[in-house]
Amino acid sequence: MVVLIFNIANAFILTSCWNYKETDNLTLVRGFSVDRVEDGNYFISIETADMHQAGTEGKGKAAIIESEGESMFDAVRNAVLVNVPRLYWAHSTAVILSQQVAQEGFLKVLDFLIRDAETRLDIHPFVYRGEYAKEIFNTTPISAVMVSEELKDMLHGQKFTSKTLLVQIYEVIERLEGEGISVVMPAVCVTEVNGAKTIKLCGLAIFKGDKLVGFLDEDETKYFCFATDEVDGGLLVVDAEHEGKKGKITLEILNSGTRFKARYKDDEISIQIRIRVRTSMNDVQIEEFPSTDNAINDLKRQANEQLKKDIENLIKKVQEINSDIFGFGSLVKKQLPKVWKEKGKDWDNNFKELKVEIIPEVEIVHTALLKDSIKKGD
Amino acid sequence: MMFISTIIISAALILIDLVPLYKQQEWKIFFIYSFFLLFIVVLGLLADFNVEIPSPSKPTKDLVSLIFGLKLE
Amino acid sequence: MQKEIINQKQAIVLMVTFIMGSGTIVGTGDKSGQDIWIALLIAMAGASIIMAVYARIIKLFPGMDLFDLLDKLFGRILGKFIALIFTWYLFHVGLNLIRNTSEFIRIISLDATPQCVIALFTGVLIAYALRCGIEVIGRWVSIFFPVIIVISITLSVIAVDMYDFDRLKPVLYEGLKPVLSDAFGIFAHPFAETVVFLGIAGCFQKQSNPHKIFNIALLIGGLYMLMLAVRTIALMGPVNKSLQMFPPYITARIIKIGDFFQRIELINAVIIVTAVFTKVTVYMFSFAKGMSYLLKIDDYRTLSTPLVFFTAAYSIFLFDNALFMVKWALNVFPYYAIPFEIIIPLLVWIAAEIKARNDKKTTSQNQSTNSSGSNAGMQC
């Protein structure tokens with residue numbers, strides 16, 4: 001009798017538990033974009049995976065839902081007016097902010113994402129370099145079914161180019177709240193491939209606080225990665241010169257490691273960045289470039305000089321924007337806490353005049369499959 | 001909701017515990033037991049009517065901040 | 001009613017799980033930021049001292065729990081009074097823990113489920129465990145403990161790629177003060193909370209060494225908390241740690257290997273709920289014993305059931321919101337617990353030393369004189 005009562009009670013009370021959700025009724029959110037419309041409302045465009053046909057077609061179909069609201073959460077909930085089942089947010093991977101939203105401050109938008117229990121902290125934020133972020137979902141992804149998935153895969157592909165940066169929301173929070181470090185997010189834009197519109201990652205967006213202040217292009221992003229020890233691979237194109245002949249030699253980065261050292265001397269902070277790059281020579285466009293020690297050492301020297309110049313130019317540019325995206329401030333805080341206590345209050349000014357010394361050490365480990373250059377016979 | 005839950009639980013407890021206790025005529029524990037059960041049901045009722053019941057957390061917070069001179073939010 | 005006994009190993013495992021308990025929900029203090037590991041080590045050092053006191057009390061009067069001891073040491077009236085205060089503490093912390101669990105479950109997943117349902121059905125589990133008795137709980141914990149440890153360590157190890165130990169720098173940037181403040185918090189919650197085991201001490205095997213139980217439990221539990229704290233900091237930095245309501249749970253959300261091994265926070269949630277469940281059970285066990293002592297009822301098991309449900313039902317009224325709950329646990333509890341975790345045990349210890357010395361004298365003088373109430377502890 002008792003067991004019976006308990007079982008009946010259990011069947012009603014424990015199994016469904018008010019939050020019961022059936023997987024095939026869920027509409028999974030994969031990514032969404034945020035725009036600001038004229039009357040100050042948020043306009044979100046949500047890319048969803050429609051699970052209703054998932055079984056028959058093998059792959060879920062993408063469907064775009066658009067909705068508008070006074071706040072982010074309001075806009076998200078208003079999507080229920082357009083779409084029958086409630087959206088399920090735990091699988092969202094990308095959030096694309098329009099340039100305007102980013103300029104006005106992204107925190108208002110991301111607060112909801114960080115706070116809500118359903119969304120996760122490993123969402124990738126992007127800034128759309130263009131007018132309306134919703135345009136992004138009108139493109140055709142090339143390899144994946146959904147734009148958001150394609151975006152995520154492209155980010156993870158950064159180890160082949162080092163021309164973008166993998167950023168997750170919790171890192172954004174850490175950089176935003178941390179002292180002496182500023183937020184960066186990958187930028188995304190629309191290009192045409194074979195007549196079809198598709199997405200392209202184009203560098204980084206630089207923030208000061210939570211407001212967008214500028215962009216870096218793809219090459220600058222690569223140097224940014226060098227300066228922050230984020231390089232996993234990619235190429236180094238050297239404008240080389242050998243015995244009067246000019247041409248480009250491309251080195252493939254096998255791995256790279258960056259060491260930082262903050263120094264304090266004569267009331268002045270300086271930072272030394274030592275970059276060790278192991279490369280292989282994979283593409284030589286100088287005729288009869290010999291594989292002698294001399295020639296290789298010469299190439300290394302030229303690569304070093306070029307890398308140093310490029311990174312220095314980047315740092316100068318960022319110092320003009322005055323946003324410490326490299327995290328030099330937090331480096332000082334970690335290595336010279338006493339100095340930071342004094343200088344950290346006025347870091348904006350100190351960052352502008354910060355001396356950064358870059359010591360690149362490019363090594364050429366091998367020359368791929370060829371021992372020597374291909375020579376043209378007569 | 002809480003009221004219904006407490007009623008279900010109390011009903012189960014009466015069957016499991018109180019009836020045997022009554023049969024064994026263990027009066028002391030029987031009355032203490034029923035007193036607590038009644039209390040639970042009353043709590044359930046109060047929760048459903050949104051009545052506030054004094055909770056020990058605010059007074060303890062005030063006490064601690066008084067004794068140790070702390071400023072606690 | 002025959003005496004229940006848990007052996008030394010079970011006691012250690014129970015205590016370790018107890019220590020792991022609520023530290024895994026609300027996390028450890030948030031003032032010291034990246035220096036939390038220093039705070040933990042200081043707290044462990046402090047806890048080893050007070051735990052030596054607890055162990056000594058148990059060692060002096062093996063087979064007796066705190067309530068019998070109070071009766072014996074302070075006499076009827078004063079003993080009852082101290083027991084009353086202590087029982088209140090057990091009740092209050094038990095309330096808190098049930099509320100922690102239900103709030104945690106409600107926030108992380110079951111947001112549409114009424115909280116009372118979660119709380120009351122946590123109560124069902126606890127009540128059932130208590131009716132089965134401490135032996136069953138001991139056996140249950142020794143089955144689950146390896147699972148918890150293996151999963152936790154696996155989680156920490158697979159995330160090793162994502163760690164950035166640079167986040168632990170700079171050391172002691174804000175000075176020693178916030179670290180000490182956090183150390184005090186960790187000392188009170190969870191290490192010195194093991195004072196509850198004085199209420200269970202009657203069930204320890206007589207030949208087991210309480211010093212060993214406390215020390216090993218402190219070591220394993222402390223290392224586990226250390227691992228958890230360092231993992232949290234190295235994964236997402238002190239900023240995120242102090243921002244999040246339930247940091248250890250959020251860390252598990254971030255951990256992933258590639259695309260195939262991710263979203264494992266539910267495993268972590270299960271661990272958390274398991275550990276906290278053990279902790280509440282221990283508290284409720286002691287509380288039931290305290291009440292049965294105060295009301296002079298031998299059968300604590302039957303009494304425990306309504307007590308547990310009463311606690312679960314009352315926990316709904318404990319806090320207005322979760323924010324206050326977390327703040328109370330981190331800021332108020334350490335101070336609130338001082339009388340129960342330090343003063344009462346110290347009093348009991350001093351009285352116990354005197355009593356033990358006197359007992360020795362009287363027994364050597366007069367072999368036939370038996371110390372009164374030595375049988376009281378037999379009923380566990």
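Chain A of this predicted model contains 12 helices and 13 strands. Of the 378 residues that make up chain A, 38% count as buried. If one takes the contacts in chain A with a separation of 6 or more, 69% of them are accounted for by residues 24 or more positions apart.

The domain assignment divides chain A into domain 1, covering residues 21-216, and domain 2, covering residues 229-378. The centres of domain 1 of chain A and domain 2 of chain A, taken over C-alpha atoms, are separated by 33 Å. Where these two domains of chain A touch, 17 residues of domain 1 are in contact with 17 residues of domain 2. On the side of domain 1 of chain A that touches domain 2 of chain A, the strands β8 (196-208) and β9 (211-216) of chain A each supply at least two residues, and β8(A) gives the most, with 3 residues. Sorted by class, this side of domain 1 of chain A has 7 nonpolar, 6 polar and 4 charged residues.

In soluble globular proteins, nonpolar side chains tend to be buried together. In this model the largest nonpolar core has 237 residues, and those with the most contacts inside it are Leu97(A), Phe126(A), Val184(A), Val188(A), Ala205(A), Met15(C) and Tyr54(C). Helix α3 of chain C, which spans residues 66-108, provides the largest share of this core, namely 18 residues. The core also draws at least three residues from each of the two domains of chain A, domain 1 (21-216) and domain 2 (229-378). Met15(C), one of the residues with the most contacts inside the core, touches Thr194(C), Phe197(C), Ile213(C) and Ala217(C), when residues up to four places away in sequence are not counted.

The next step is to look at how the chains meet. Between chain C and chain A, 21 residues of chain C are in contact with 17 residues of chain A. The elements that give two or more residues to the side of chain C that touches chain A are α3, α4 (115-132), α7 (210-243) and α8 (247-254) of chain C, and the one that gives the most is α7(C), with 5 residues. This side of chain C divides into 13 nonpolar, 4 polar and 4 charged residues.

Chain C also meets chain B, in a contact that takes 28 residues from chain B and 27 residues from chain C. On the side of chain B that touches chain C, two or more residues come from each of α1 (2-24), α2 (27-48) and α3 (57-68) of chain B, with α2(B) giving the largest share, 11 residues. The residues on this side of chain B divide into 18 nonpolar, 6 polar and 4 charged.

Within chain C, one pair of helices shows how packing can be described. Two packed helices are described by the angle between their axes and the distance between the axes. The axes of helix α6 (residues 177-188) of chain C and helix α11 (residues 322-336) of chain C come within 9 Å and cross at roughly 75 degrees. At their meeting place, Phe184(C), Gly185(C) and Ala188(C) in α6(C) meet Leu330(C), Phe333(C) and Pro334(C) in α11(C). By class, this contact of α6(C) with α11(C) has 5 nonpolar, 1 polar and no charged residues.

Finally, two residues of chain C can be set side by side. Ser304(C) is found in helix α10 (residues 300-315) of chain C, whereas Asp299(C) lies in the loop between α9 (265-294) and α10 of chain C. Ser304(C) counts as buried because 24 other C-beta atoms lie within 10 Å, while Asp299(C) counts as partly exposed because 14 other C-beta atoms lie within 10 Å. Leaving out residues up to four places away in sequence, Ser304(C) touches Ala127(C), Leu130(C), Met284(C) and Ala288(C). Of these, Leu130(C) is 174 residues apart from Ser304(C) in sequence, yet the two are 6.9 Å apart in space, C-alpha to C-alpha. Asp299(C) and Ile272(C), on the other hand, are 27 residues apart in sequence and 31 Å apart in space, again C-alpha to C-alpha.

Key
Residues numbered from 1 in each chain as written. Chains lettered and ligands numbered in written order. Predicted model: local features only at pLDDT ≥ 70, side-chain atom pairs only at ≥ 80, totals over all residues. Core = buried A, V, L, I, M, F, W, Y, C linked by C-beta atoms within 7 Å. Buried ≥ 20, exposed ≤ 12 C-beta atoms within 10 Å, placed from the backbone. Helix = DSSP H or I, 4+ residues; strand = E, 2+ residues; numbered from the N terminus. Domains from an automatic or database assignment. Contact = placed C-beta atoms within 7 Å. Axes fitted to C-alpha atoms, helices over the stretch in contact; angles between N-to-C directions. Nonpolar A, V, L, I, M, F, W, Y, C, P; charged D, E, K, R; others polar.
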